[in-house]
Amino acid sequence: MSTIDTGLFIKEYQARSCLWDVGNINYCNKLKRAKALKEISDIFSIQVVQVTKKINYLRSYYSKEYSKCKSSARSGSRLDDVYESPWPFYNHLSFLSSVVNPRSSQKEIDVCEKVIISRKRQRDVGEETILRQTPMSSQSTASDTKQDSSYYFCLSLADELKSLPRGLQRECKIEFHRVLDHFATIAENQNSNGTFVSTELSEKK
């Protein structure tokens with residue numbers, strides 16, 4: 001990690017805003033984020049886990065320095081006494097100022113949750129539209145099959161979810177939506193390519 005040009009690393013990180021900008025449409029897209037991390041790892045010939053560690057270090061250190069600067073400015077100190085970060089990469093990371101703060105983690109979770117829910121609603125609307133356009137006989141069969149499998153599966157999950165503490169219930173819901181969103185993205189990519197690949201088989205390979 002010591003041989004990496006940190007200034008260049010930061011530029012590559014900044015160029016891939018899906019890794020840091022909660023307003024980016026692909027911020028909650030795991031496939032897009034994984035691709036961006038892989039691109040950086042290829043540029044610097046390091047493992048993806050090393051890229052993630054360096055990003056986390058840079059964000060953490062910048063957050064600490066940013067908090068010091070803000071606290072010093074709010075304290076009413078004289079201009080000469082206002083804290084200025086001596087860290088050489090502080091200004092390089094100024095693009096993080098709008099996303100790095102004490103509530104940033106919760107903000108990121110809330111944003112992803114809203115995106116996931118929005119996409120789920122879009123899929124539900126699309127499914128409802130298809131069912132409305134399906135003949136009654138086919139529609140009845142689809143409804144029966146849905147209730148026999150997915151419907152009762154979700155009901156079984158509901159009982160287990162209720163048994164969890166309220167705080168964990170929310171985290172579980174977010175994670176469940178992320179999993180659904182992940183496979184929905186895979187399905188969209190497979191449909192666009194005109195192929196279907198079993199994730200189970202691909203993982204075994």
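Reader: Where do Tyr-57 and Tyr-61 lie?

Author: This is a predicted model. In it, both tyrosines lie in helix H3 (residues 48–74). Tyr-57 and Tyr-61 are 4 residues apart, about one turn of the helix.

Reader: How many aromatic pairs are there?

Author: The count comes to 8 aromatic pairs. Take Tyr-57 and Tyr-61: their ring centres are 5.9 Å apart, and a pair needs centres within 6.5 Å.

Reader: Why is the pair of Tyr-57 and Tyr-61 called tilted?

Author: Their planes stand at 35°. Stacked needs under 30 degrees, and edge-to-face needs over 60.

Reader: What makes Tyr-57 partly exposed?

Author: Its relative accessible area is 46%. Buried means under 20%, exposed over 50%. Tyr-57 falls in between, so it is partly exposed. Tyr-61, at 31%, is partly exposed too.

Reader: How do you know that the span of helix H2 agrees with what it should be?

Author: H2 (residues 30–44) has 15 residues and should span 21 Å. Its end C-alpha atoms are 21 Å apart, so the span agrees.

Reader: Which residues of H2 are buried?

Author: They are Ala-36, Leu-37, Ile-40, Ser-41 and Phe-44. These residues cover an arc of only 135° around the axis, so they are on the same side of H2.

Reader: What makes Asn-29 a cap of H2?

Author: A side-chain oxygen of Asn-29 lies 3.0 Å from the backbone nitrogen of Leu-31, at the N-terminal end of H2. A polar contact needs such atoms within 3.5 Å.

Note on methods. Residues numbered from 1 in each chain as written. Predicted model: local features only at pLDDT ≥ 70, side-chain atom pairs only at ≥ 80, totals over all residues. Heavy atoms only, no water. Phe/Tyr/Trp six-rings, centres within 6.5 Å; stacked < 30°, edge-to-face > 60°. Helix = DSSP H or I, 4+ residues; strand = E, 2+ residues; numbered from the N terminus. Buried < 20%, exposed > 50% of the residue type's maximum accessible area, 1.4 Å probe, protein only. Expected span 1.5 Å × (residues − 1). Arc of directions from axis to C-beta. Polar contact = N/O pair within 3.5 Å; in protein donor to acceptor, adjacent residues only side chain to side chain.
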